[in-house]
Amino acid sequence: MFQTGLSTKVRGHTTREAIMKYAPDGRVICEFTLGVGGGNDKYPVMWVTVPVWEDLAEQGLKVIDRKGIPVEATGMLLVRQYQGKRGAAVAI
């Protein structure tokens, strides 16, 4: 995982309801995933995990209660890789 130093804005739709987590110091985190892109060959879908902290997290947990909610998120871009279904490395 590495931090790019890039501030970014993404718009997409939630893939499921938000999940509540806690930071080691006890702060509330709201985490959800957005599907961003057109879903075609030219603009494939990119999956973006969005963590939201503290007061905004509590609001997010109330609002992001299902799949398909349109969301716009702004923040620092963090990239990680994992092994995809076909054995290829996938960056998210």
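I took contact to mean heavy atoms within 4.5 Å. The model is predicted, so I kept its cut-offs in view: local features need pLDDT of at least 70, side-chain atom pairs count only at pLDDT 80 or more, and totals for chains, interfaces and linings use all residues. Residues are numbered from 1 along each chain as its sequence is written, and side-chain values use heavy atoms, with hydrogens and water left out.

**Entry: F32**

I listed the partners of F32 first. I set aside neighbours within four places in sequence. F32 then contacts T14, A18, V48, T49, V50, V52, I64 and V71.

**Entry: overall layout**

I looked up the secondary structure next. Helices (H or I, at least four residues) and strands (E, at least two) are DSSP runs, numbered from the N terminus. The chain has 1 helix and 7 strands. Read from the N terminus, the order is β-β-β-β-α-β-β-β. The C-alpha trace spans about 40 × 30 × 25 Å along its principal axes.

I then checked how far contacts reach in sequence. I took those between residues at least 6 apart. Of these, 51% join residues at least 24 apart.

**Entry: surface and burial**

I used the Shrake-Rupley method with a 1.4 Å probe for accessible areas; for residues, only the protein chains shown count as cover. The accessible surface of the chain is about 6900 Å². Carbon and sulfur atoms hold 54% of that surface.

Buried is under 20% relative accessible area, exposed is over 50%, and partly exposed is in between (1.4 Å probe, protein chains only). The chain has 92 residues, and 27% of them count as buried.

**Entry: the core**

Which residues have the most contacts inside the largest nonpolar core? I defined such a core as a set of buried Ala, Val, Leu, Ile, Met, Phe, Trp, Tyr and Cys residues joined through side-chain atoms within 4.5 Å. The largest one has 15 residues, and V10, C30, F32, L34, V50 and V71 have the most contacts inside it. Strands β3, β4 (46-53) and β5 each give two or more residues to this core. The largest share, 5 residues, comes from β3.

I stayed with β3 for I29. This residue lies in that strand, which covers residues 28-36. Is I29 buried or exposed? I29 is buried, because its relative accessible area is 10%.

I moved on to V79, in strand β5. V79 is buried too, at 16% relative accessible area. V79 and V90 are 11 residues apart in sequence, with their C-alpha atoms 10 Å apart.

**Entry: charges and salt bridges**

I counted Lys and Arg as positive and Asp and Glu as negative, leaving out His and the chain ends. I placed each charge at NZ of Lys, CZ of Arg, CG of Asp or CD of Glu. The chain has 12 positive and 9 negative charges, and their mean positions are 10 Å apart.

Side chains of opposite charge can pair when their charged atoms come close. I called a pair a salt bridge when a side-chain nitrogen of Lys or Arg is within 4 Å of a carboxyl oxygen of Asp or Glu. How many did a search of the whole structure find? It found 5 salt bridges.

One of them joins E72 and K9, with the closest N and O atoms 3.8 Å apart. E72 is in strand β5 (residues 70-79) and K9 in strand β1 (residues 2-14), so the pair ties together parts 63 residues apart in sequence. E72 is partly exposed, at 44%. K9, R11 and E72 are linked in a network of salt bridges.

**Entry: R27 and its partners**

I found R27 in two bridges. With D25, the closest N and O atoms are 2.9 Å apart. With E54, the N to O distance is 3.3 Å. R27 sits in the loop between β2 (19-22) and β3, and E54 in helix α1, so this pair ties together parts 27 residues apart in sequence.

D25 is exposed, at 52% relative accessibility. R27 is partly exposed, at 35%. E54 is partly exposed, at 37%.

Helix α1 covers residues 54-63 and includes E54. Its phi is near 55°, a positive value in a residue other than glycine.
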